[in-house]
Amino acid sequence: MSGRDPDRRRALLDAADRVIMKEGPGVSMAAIAAEAGITKPILYRHFGDKHGLYQALADRHVRTVIAQLRPEFAATGADLRGRARAAIGVYLDLISANLNLYLFLFHRAGAEDSRIRSHMTSLVRSLGEELGGVLAAERVVPDPTRAQVLGHAFVGMVQTTGDWWLDHPEVDRDQVVEGLVDVIAGALSARRAGATRR
């Protein structure tokens, strides 16, 4: 059977998802293969090696997160606080509902493989660029360079705060969301005030 069969690869990734969700981020490659009903060498044949499997999982899940955040970025007409609140809420809900997958990708795979860490960083960076583009296109931040700085800053802030929140489940989700929204709204308000004074 071809290692490039997309249906077979999808089924293997489904098996990987199931066992990671069930057993946690420390799951072995042998356990992933067993969940798929195959041996580890056959698993690797479909992805090249462990790195290939990690990259396929990263692409699948990070792109899913980005796809779910995009409509919140693009919700023209909604006030900025509301859009920020919705986007942050979607992100926190996704990572908390898929905690073991998130920890597997952002902590275990990234720690084991510098190429995966770099790949994940580039996916997150693309989200910052997209948000920066939205801020500039809507003239929320008219200067394109400044918009990119803020887009990356907001994405990085939400990601690292989300990481912290996963370690502190006693902290109310809405408190985290509102704290982040306050920072974003404050940065944009300060930017507007500075532009008005000039």
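Where does UniProt place the feature "domain: HTH tetR-type"? The record, an unreviewed entry, puts this feature at residues 6-65. The model examined here is predicted. Within it, residues 6-65 are 83% helix and 0% strand. The end C-alpha atoms of this span lie 21 Å apart.

Confidence was considered next. The mean pLDDT of the protein chain is 88. A value of 70 or more is reached by 92% of its residues. Helix α8, residues 144-166, has the highest confidence, at a mean of 95. Helix α9, residues 173-197, has the lowest, at 81.

Pockets were then examined. The largest pocket has a volume of about 640 Å³. Its lining is made up of 35 residues. Nearest the centre of this pocket lie V65, L69, A87, Y91 and L127. Several helices share in the lining. At least two residues come from each of α4 (50-73), α5 (80-97), α6 (99-112), α7 (114-137), α8 and α9. Sorted by class, the lining of the largest pocket holds 28 nonpolar residues, four polar residues and three charged residues.

The second largest pocket holds about 220 Å³ of space. It is lined by 16 residues. Those closest to its centre are F106, M120, T121, V124 and Q159. Helices α6, α7 and α8 are the elements that give two or more residues to the lining of the second largest pocket. Of the elements, α7 gives the most, with six residues. By class, this second lining has six nonpolar, seven polar and three charged residues.

Aromatic contacts complete the picture. A pair of aromatic rings is described by two quantities: the distance of the centres and the angle of the planes. Two aromatic pairs were counted in the model. One of them joins Y54 and F104. The ring centres of Y54 and F104 are 5.4 Å apart, and the planes stand at 80 degrees. Planes over 60 degrees apart count as edge-to-face, and the pair of Y54 and F104 is therefore edge-to-face. Y54 lies in helix α4 and F104 lies in helix α6, so the pair ties together parts that are 50 residues apart in sequence. Both Y54 and F104 are buried.

Technical notes. Residues numbered from 1 in each chain as written. Predicted model: local features only at pLDDT ≥ 70, side-chain atom pairs only at ≥ 80, totals over all residues. Heavy atoms only, no water. pLDDT = per-residue confidence, 0-100. Helix = DSSP H or I, 4+ residues; strand = E, 2+ residues; numbered from the N terminus. 1 Å grid on protein atoms, 1.4 Å probe; cavity = no way out; pocket = protein on both sides within 12 Å on 5 of 7 lines; lining within 4 Å. Points joined across faces, edges and corners; volume = space filled by probe spheres on them. Nonpolar A, V, L, I, M, F, W, Y, C, P; charged D, E, K, R; others polar. Phe/Tyr/Trp six-rings, centres within 6.5 Å; stacked < 30°, edge-to-face > 60°. Buried < 20%, exposed > 50% of the residue type's maximum accessible area, 1.4 Å probe, protein only. UniProt positions renumbered as here; feature names shortened; annotations may be inferred.
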